[in-house]
Amino acid sequence: MDGFPLSDIAKDLGGELIGDPALRITRIGPLEGATPSTISHLSNPRYQSQLAGSHAGCVIVGPALRDAAAARGAAIVADDPYLYYARLTQWWAARTRAPAPLGVHASAVIDSSAVLGAGVTVGALAVIEAGARIGDAAVIGAHCVIGADAIVGAATRLAPHVVLGSGCRIGERGIVHSGVVIGADGFGFAPTQGRWEKIEQLGAVRIGDDVEIGANTCIDRGALDDTVIEDGVKLDNLIQIAHNVHIGAHTVMAGCSAVAGSTTIGAHCQIGGAAMILGHITLADHVIISMGSAATRSILKPGQYTGVFPIDDNSAWEKNAATLRQLHALRERVRALEKKTP
Amino acid sequence: MDGFPLSDIAKDLGGELIGDPALRITRIGPLEGATPSTISHLSNPRYQSQLAGSHAGCVIVGPALRDAAAARGAAIVADDPYLYYARLTQWWAARTRAPAPLGVHASAVIDSSAVLGAGVTVGALAVIEAGARIGDAAVIGAHCVIGADAIVGAATRLAPHVVLGSGCRIGERGIVHSGVVIGADGFGFAPTQGRWEKIEQLGAVRIGDDVEIGANTCIDRGALDDTVIEDGVKLDNLIQIAHNVHIGAHTVMAGCSAVAGSTTIGAHCQIGGAAMILGHITLADHVIISMGSAATRSILKPGQYTGVFPIDDNSAWEKNAATLRQLHALRERVRALEKKTP
Amino acid sequence: MDGFPLSDIAKDLGGELIGDPALRITRIGPLEGATPSTISHLSNPRYQSQLAGSHAGCVIVGPALRDAAAARGAAIVADDPYLYYARLTQWWAARTRAPAPLGVHASAVIDSSAVLGAGVTVGALAVIEAGARIGDAAVIGAHCVIGADAIVGAATRLAPHVVLGSGCRIGERGIVHSGVVIGADGFGFAPTQGRWEKIEQLGAVRIGDDVEIGANTCIDRGALDDTVIEDGVKLDNLIQIAHNVHIGAHTVMAGCSAVAGSTTIGAHCQIGGAAMILGHITLADHVIISMGSAATRSILKPGQYTGVFPIDDNSAWEKNAATLRQLHALRERVRALEKKTP
């Protein structure tokens, strides 16, 4: 690849450019392993020691590192180098990725009552059912199934193999990865004589704008009302969102986390990987649940919450875990000692 | 929607109807937010305080709340209001949902040796391989793949994007949600000189009647014999059932739970979300494993079992977790004190 | 089925055959429930007590059990009976399974610039995009989507409904089960004013030879460089591999485990079911993480590591868990007692 001159980047994305504007960049890459045609970024102080020794042609840094970066070659100084890097990846992708083929593939099966906006792309063998509406410039990947009366907002992109259930809707500029299932039935049954009677799930799923949903994640339809994902939420892979859950705007959830039914999660929360949130509880805005923790009660105060058994070598764990089973008794023994000790 | 008169509901589903039989119901909904044309139910005492203030046109209650409900408007009194509500959702869905298109979609790819019963629906672009048998009135969703010699029982419904592997079978009246994979290979390898030699998985998966399986759940085929799911089992989303597992009738498992190989789970068990069941163990009938717990040994007595690190604010957790790593030593210190204390 | 004479098995797979070489075997099965035409194996001492009572026609055993096995009927003595059993399942599958239909199904959608090797099988309704390359004798299952410029190595088999993203590659002799998503975007965002700015994921996924990947597992593409899975790795179902992860050769991971971004796992590791590995850490070669444990720091020494709250009956757990929240304070009380006690 011929690459792009640094001046093109700085012209479009801003920042103070130090060094040769004509330097051609062929790759975005980490400081380690960078070449003279690589542009790197330094946001995490953890990697600061790599700066001087890196062969990167240009490094994006914050104001505090301006001189250190300039001393070794070209640099772009930006208030928030990590954000600058994010925008650079978008700039780069727009210029280097093969564009999605435009238009509707001949093999797609589209009901005549479905409505497609201007500039919609529909991949091979996709299915769009009766009454569905696809917004302008949306991309429906190969093998997607868009259920009856479902709605996809403008400029939203569905990767191959996404299922959007009947009556469910996603807003604008969303990104949905392969294998995602939106609108399967919530898990609801009434017990009767040792069996389980199905509660039909009559609600749908309503997803806001600018939402990204990772591969094989599931978002169930509501029992009566809708399951709701607000604007700007980002969900990683293999996440379970049960029926009637409400997730506030700009909350992020890492892979393999799960939220049980009818729970409300606030805005700007961060749910760690494999964390579990019990049903019928509330998390306030700005709550952070650490990786692997089980939130078993409402948390109404912002902050970070954790509940993970600390990993240890197996023999040490065995001893401590065995003792843990007598922890309550141990406390009683300490109490007894305290009573006896003057 | 015009809705349905209360009398239609009571005629079909029973219960004592108090109030105007001609009252038209347009929606089933929770007490909170109900309108005069909403029918609600009150089964969970947690919501009893909402009864008097709700604007619901009709409330389904148990005998104990008969008078309280009648004092505020129409009511249906049923022995088990939650079960009544479940049946009402079914009654409702049957009357309001668009019926699945009947017949076999022209784009489906069906081997000539496959056998389809009467009234079978096959969605767009589904694939049915050689020797497969589809029971009467079954629904095979768009993009499903039914492997060679697989069997789908009468009236079982597969949502779009389900894979039923060769030789696997599911009974009657089942519901399988999108992304489910039945009959992938179990995870079996023999170690040899630092590598892993594949053990071909020669069994299949055998699923009983009235089983529901949630989105993206996986049930692996057995190594030699079959993996077995008995009648009435309900599995939520993103569950892993390994090879040779046997799950007893009417057991329910919540989302993201997992059962490792060759384990036997009894009937009427309840496995909480994200709970993990070790391989080669046995759970008796009527065992309840709490959300997030790891069952690492056989449990032969009914009851509820839990093993979850209690969540706490992060700084408190850090202190307690650090101490936990010295718990065994702490017990020794208590022992030493006990010896010294008269 | 007529089955196969024991002599055929011993001729191809070796071992010392004791007993009638003409004995016909119709089934491989466990000792328990075996019939006179079943071949069983005894590798796990746990099942040794079943040997004498089993009706198996032939038992595969190690040298130490030669006499005990011969005393009851036919036997094959092999240095490693479990490995012998693994190879027998392969031998069996090759002779009894219906072969995949050869050639390219007429309904597949294959870009004219894709390159297919000799003897490639492409299932119904598969999609192969521009520039993809499929190696000799590879099998692409029904409904798979092979992205632009992706590469599938020779003799690798993809089950139905696999997505291999653009530019991603898998080596030779791999097995990929249904629902697997390779090459979805890694989960990367830069925070800005309470929102999340997408970091485009510019890397790909690079998978070595002899890798098996279980159903609905996800492997994300790298942010800048590639996510890498080395030769011989075996991944079970519903596993999450985040961007920039590197997994060393011959490591195995059980179902529902997860690795967060930029973590390096060594060779020959074993990751238990539902175990979670934090991001940006390193596990050395030969590290074993127990089921359900969270590895929250680098582990540089081989060995087994565990962190699981021991399961207990719920009332006992409640008492111990409540006390655990005061564990640090309890230690302080013990310290105070120690100071007071002479």
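Author: A definition to begin: two strands pair if DSSP finds at least two bridges between them. The model here is predicted.

Reader: In which sense do strands β24 and β27 of chain C pair?

Author: The general idea is that strands of a sheet pair through backbone hydrogen bonds, either parallel or antiparallel. In this case, β24 (residues 212-213) and β27 (residues 234-235) of chain C run parallel, over two bridges. Look at C:E212: C:K234 of β27(C) stands opposite.

Reader: Which strands form the open sheet, and in what order?

Author: Eleven strands form it, with mixed pairing. Read the order as β39(A)-β38(C)-β36(C)-β33(C)-β30(C)-β27(C)-β24(C)-β19(C)-β16(C)-β13(C)-β10(C). Note that β39 comes from chain A.

Reader: Which are the edge strands?

Author: An edge strand here pairs on one side only. The two are β39 (312-313) of chain A and β10 (121-122) of chain C.

Reader: In which sense do β39(A) and β38(C) pair?

Author: Antiparallel, over two bridges. A:D312 faces C:T306 of β38(C) in this pairing. Now go to chains A and B. There β38(A) pairs with β39 (residues 312-313) of chain B, in the antiparallel sense and over two bridges. A:Y305 stands opposite B:D313 in β39(B).

Reader: How many residues does each chain give to the contact between chain A and chain B?

Author: The size of an interface is often given as the accessible area lost when the parts come together. Here, count residues instead: 59 from chain A and 62 from chain B. Elements of chain A that each supply at least two residues include β38 (303-306), α4 (314-324) and α5 (327-340). The largest share on this side, five residues, belongs to α5(A). By class, the side of chain A has 32 nonpolar, 17 polar and ten charged residues.

Reader: What rotation and shift superpose chain C on chain A?

Author: Two copies of a chain are related by a rotation about an axis and a shift along it. Here the rotation is 120°, the shift along the axis is 0.0 Å, and the RMSD is 0.0 Å. So this is the relation of a three-fold axis.

Reader: Which residue of chain C comes closest to the rotation axis?

Author: C:F309, with its C-alpha at 3.5 Å from the axis.

How values were computed. Residues numbered from 1 in each chain as written. Chains lettered and ligands numbered in written order. Predicted model: local features only at pLDDT ≥ 70, side-chain atom pairs only at ≥ 80, totals over all residues. Contact = placed C-beta atoms within 7 Å. Helix = DSSP H or I, 4+ residues; strand = E, 2+ residues; numbered from the N terminus. Nonpolar A, V, L, I, M, F, W, Y, C, P; charged D, E, K, R; others polar. Least-squares fit on C-alpha atoms with pLDDT ≥ 70 in both.
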